[in-house]
Structure formats: structure tokens, C-alpha cells
Amino acid sequence: MTAQLHDASSIPLDKIDVSDPQLYQDDTYYPYFERLRREDPVHWCPESRYGPYWAVTKYKDIMHIEVNHGIYSSDAGTGGIQIEDQPKDMVRPSFIRMDPPRHDEQRKVVSPIVAPQNLSNMEATIRERTGLVLDGLPCNETFDWVERVSIELTTMMLATLFDFPWEERRKLTYWSDVAIANVNAPEAPVHSEQERFDELKKMAETMAALFNERAQGPPKFDLLSMLAHGEATREMPLLEFIGNLTLLIVGGNDTTRNSMTGGLLALSQFPEQYRKLRDDPALVASLVPEIIRYVTPVIHMRRTAREDTELGGREIRKGDKVVMWYVSGNRDPDAVEDPDSFIIDRPRPRQHLSFGFGIHRCVGNRLAELQLRILWEEILNRYPVIEVVGQAKRTYSNFIHGFRSMPVRIPMH
Ligand code: HEM
């Protein structure tokens, strides 16, 4: 199947391949998943640029995989978490690409970063910075929301999480872009796996210097200090050091960044919801999880079957690549009422798959929600309306559901 073939109803089922990154850049993937959920929810795709794989499209089947981590492995050695395999000699293990017990040991090292006390300590800083960024925006002039707001705020957050030198914080954004880039996209900062690897090795050099400094000092509440003092992480081999740092940089960056952009886009596409929000700003509490569901910042996660098993009536073989399409599970009408509508006052807004589930459920979910809540509270305090005035440009990727740019305008008030 190519991205040009948008008539999802006429393609033979076995030709449906939802892995083409073009589908996500063009935002044309919906009808394929709609058909798969109805006709073939656990779908075997025999041929794709990433080899054969199962496409799992229903909420309940995705949950089944998430909670059965003994059968469905995330381990870098068995295949990792993306539909695209990392080249064998460049596999970069990190705890998202590990199964228990090592996963649990390493996750435990960094999870205090989002302990309730730490989050409430960070709240005032996040609010102040958000206010400064918003106050610096021009009125009555078109500007790029991604660059001026989403990237700026998430980069600041990353610098805080790592206690990274403030003036050099855009390096973190660059490394995140390098780590997730689809090397075939013309706009990618790197164009081969080797180039990516070389850039990430440079990241490791900078980070190793900071890591060693933190190891000498007393334990502190930043990610590098936690890793440097954690028993399960203080002596990581180079590839694992790169892997875990990349995980923490990407985890806290693109996802939140794209929710900041996608949320504004959704409100502009559903103006009656935007009005409802202006009339009752307390709805920010349920707006935020609805943004995260609706945007679904991570398109898929992949697992590999450790043994023969059964899923939704289909026989999965040991070694099969099994892909959970969160973008589809979040639009499953059997799990979410009227799922294609953006509704900011849903009764159970946190019922979605955007953060995954089970032992790998997003570590940073409360932090991401906090950043988005503050952003929307501060926006509503300042600007009653922000208009999206042109086409948002999306990322060429089947993994990170992202935006490269989105022109907006704040009318003079
Ligand atoms: C809207 C924002 C975010 C979304 C949608 C998101 C999504 C996800 C998803 C889908 C997973 C994998 C879940 C699974 O396999 O079941 C994950 C894991 C993870 N996320 Fe997030 N994330 C977000 C924000 C953050 C932030 C702010 C941080 C950093 C502080 C972060 C750090 C991580 C880490 C470290 C993992 C690995 C957890 C593990 O393997 O145990 N994420 N995230």
C-alpha cells in the first residue's frame, strides 16, 4: 500500500499496512484503522518495509498485551519497542527496552523525579517560566507556536529535570530530535543510523562529564544525579548510558511538546469546546487528559512474542512482532464514547492509552499533565483566543506523533 491509496475500503485486507510514516505526516491514517477495528482487529501484515508484523488496533487487545509483559517482551535483545529494529551493532538498551527484573530496578532509580513532593516543588518554576514565554509572544502577528511555545517550554523543562547548563539547553532539544528522527525524512537532522549514532555518542560525552560531577557530589533531585547514585544505574556500559539518557530526553520532550501544539489545534477545530473552556476555565482539569488522548503523542509501541500465544482469536507465534497502535486504541468506540470528537468535559477523561499501561506505563505522566495544566491556565489568564491561521506541518514518523510547525495569531486585545 502507498500513502496515495487513501480509499481504505477498497484495498484487500492483507495489503493494509499502517506502518507507512507518510500516513501520519499526511494525517490520513484514520480510515485504515477504522476498517481494521471493524473487520480484522488483530491484523497480520505479511509485508512491510519493517518486515511482517501484527497490527493490534482495539483498546482491549492493547491492554491485554500491556499487562502480559511475560509473554510480550520489550527487551532490546528480542526486538525492543519500535516497529523498526535498531541495527544489531547499535542497539542502545534502556529500561523501556528491558523486561523485569532489570527494568524494575532501573525505573525505580528515576521515578522519584515525579514524586508528588517533587512535582509540587517544580510547579512554581514551571508557572513562572510559562508566564514569561507567553508574555513574550507578539499580538496581531503570525508566528510559529511550535518554535515559540512548545519547544521553548519543553526545553526549559528538560534543562530543569537534568539540571543541565541553562544557556546550552537547546542541545537537549537537538539530541531529542536526533534520537527520534526518521532518517529518511528530508528535514531530519541526521540521514543515516551511523550519523545518528555518532551524534548520540557526542551527547554521551557531554552528559558523562556532568554525570561524573554529580557522582562526586551529594545525591540531588535531578535525573543525572539520580542515575549517578542509583545502584542499578551508576555503572552503565556506554550503549546503555546512551539508551537511558535518550529515553529520558525523548520521553519528557517530544510527547509534551506535541501535546502543547495538538491541544491548541484541537480547540481551534472544535470552536464550541474552546468557547466552553473560556466560559469555565475549571475545565482545564479534564481538558488536559482529553488533549493527551486526542493527540496520542506516541503512535505505537512494539513488543515481541516470547512464546506461541493467542490474541483476539488469532494465533501469535513465538518471535512475532506485535505492534500496539495507540492512535487506534484511543479511537475505539467500544472503549471511548464518540472517540473522534474532542470533548473537554468527558466523565472519565483519563481512560486512554496515550501513556501505555502496565509496568512500562509512562513515568512522566503526572509531570506532563502538570505542564499542560499550567500552560492552559496561564493562556486563559492572558489570551481569550489564539487562532490557528494556517496548515500545521506534521512529522514524518510512525512512532512520534508530532508537529514541525503551526502558524498562529493572537488578536490584539
Ligand atoms: C504527554 C506526554 C507523554 C506521553 C504521551 C508519554 C507516553 C509514553 C508511553 C506511551 C510510554 C510507554 C508505555 C508502555 O509501553 O506501556 C512512556 C514511557 C515512558 N515515559 Fe512517557 N510520555 C509523556 C511524557 C513523559 C515525560 C514528561 C517523561 C519524563 C519525565 C516521560 C518519561 C517516560 C519514561 C522514562 C518511560 C519509560 C517507562 C518504563 O519503561 O517503565 N514521559 N511514555
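A residue is taken as near a molecule or strand when one of its heavy atoms lies within 4 Å of it. In this predicted model, local features need pLDDT of at least 70 and side-chain atom pairs count only at pLDDT 80 or more, whereas totals for chains, interfaces and linings use all residues. Residues are numbered from 1 along each chain as its sequence is written, and side-chain values use heavy atoms, with hydrogens and water left out.

Around it stand 28 residues, of which Glu 66, His 103, Arg 107, His 360 and Cys 362 come nearest. The shell divides into 15 nonpolar residues, 10 polar and 3 charged; here Ala, Val, Leu, Ile, Met, Phe, Trp, Tyr, Cys and Pro count as nonpolar, Asp, Glu, Lys and Arg as charged, and the others, Gly among them, as polar.

The iron atom of the ligand has a single protein donor, the SG atom of Cys 362, at 2.3 Å. Donors are N, O and S atoms within 2.8 Å of the metal (3.2 Å for Na, K and Ca), and water is not among the atoms, so sites may look incomplete. Cys 362 itself sits in the loop between α14 (326-329) and α15. Helices (H or I, at least four residues) and strands (E, at least two) are DSSP runs, numbered from the N terminus.

Elements giving two or more residues to the shell include α4 (102-110) and β5 (300-305).
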